[in-house]
Amino acid sequence: MKLLSFAIPCYNSADYMEKCIKSVLIGGEDVEVIIVDDGSADNTANICKDYAYSNNNIIYIYQSNKGTFSARLTGLKYSKGEYISFIDADDI
């Protein structure tokens, strides 16, 4: 079990995702990152999938656009950490 889960809802956030993901991964192996793509139409999915493919502590989930609240609930559903934090895609 990971100590801390970060749920990151995102929508058309390609300009911010890489910095956001890198800032969370500083926590090392005790961090779980759950990225919930809320129907992005830009390059967000490709960036997130690349990170998820090369990091076993990142989970990428795609859902049709339902809004930030729904994306956060999806992240909560998939989290396995003892604690969870919600951050936005433009946070670092």
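Guide: A residue is buried under 20% relative accessible area, exposed over 50%, and partly exposed in between. Keep in mind that this model is predicted.

Visitor: Why is Asp-88 called partly exposed?

Guide: Its relative accessibility is 30%. That value falls between 20% and 50%, so Asp-88 counts as partly exposed.

Visitor: What makes Asp-88 and Arg-72 a salt bridge?

Guide: Distance and atom type. The side chains meet at 3.0 Å, N to O. The cut-off is 4 Å between a side-chain nitrogen of Lys or Arg and a carboxyl oxygen of Asp or Glu, so the pair qualifies. Asp-88 lies in the segment after β4 and Arg-72 in helix α3, so the contact ties together parts that are 16 residues apart in sequence.

Visitor: How many salt bridges does the structure hold?

Guide: Two. Lys-22 also bridges to Glu-18, with the closest N and O atoms 3.5 Å apart. That is within 4 Å, so this pair passes too.

Visitor: Why are Lys-22 and Glu-18 separated by about one helical turn?

Guide: Because they sit four residues apart in helix α1 (residues 14-25). Lys-22 has a relative accessible area of 46%, and Glu-18 has 38%. Both values lie between the two cut-offs, so both residues are partly exposed.

Visitor: What makes β2 and β3 a pair?

Guide: Five bridges in the parallel sense, against a required two, so these strands pair as well. Strand β2 covers residues 31-37. Ile-35 stands opposite Tyr-60 in β3.

Visitor: In what order do the strands lie in the sheet?

Guide: The order is β3-β2-β1-β4, in an open sheet with parallel pairing.

Visitor: What makes β3 and β4 edge strands?

Guide: Each pairs on one side only. β3 spans 58-62 and β4 spans 83-86. From one strand to the next, the twist averages 20°.

Visitor: Which strands does helix α2 lie across?

Guide: Helix α2 (residues 44-54) lies across β1, β2 and β3, and runs at about 150° to β3.

Visitor: Which residues make the nonpolar surface patch?

Guide: Phe-69, Leu-73, Leu-76, Ile-84 and Phe-86, over about 460 Å². α3 gives the most, with three residues. α3 and β4 each supply at least two.

Visitor: How exposed is Phe-86?

Guide: Phe-86, found in strand β4, has 31% relative accessible area and is partly exposed. A patch residue needs over 30%, so Phe-86 clears that cut-off.

Visitor: What does Ser-79 touch?

Guide: Leaving out residues up to four places away in sequence, Ser-79 touches Ser-5, Glu-32, Ile-34 and Ile-84. Ser-79 itself lies in the loop between α3 and β4. The limit for a contact is heavy atoms within 4.5 Å, so each of these neighbours meets it.

Definitions and conventions: Residues are numbered from 1 along each chain as its sequence is written. This is a predicted model: local features need pLDDT of at least 70, side-chain atom pairs count only at pLDDT 80 or more; totals for chains, interfaces and linings use all residues. Side-chain values use heavy atoms; hydrogens and water are left out. Axes are lines fitted to C-alpha atoms, for helices over the stretch in contact, and angles run from 0 to 180 degrees between N-to-C directions. Patches are made of residues with over 30% relative accessible area and no salt bridge: like charges are joined within 9 Å, nonpolar side chains (Val, Leu, Ile, Met, Phe, Trp, Tyr) within 5 Å. Accessible areas come from the Shrake-Rupley method with a 1.4 Å probe; for residues, only the protein chains shown count as cover. Buried means under 20% relative accessible area, exposed over 50%, partly exposed in between (1.4 Å probe, protein chains only).
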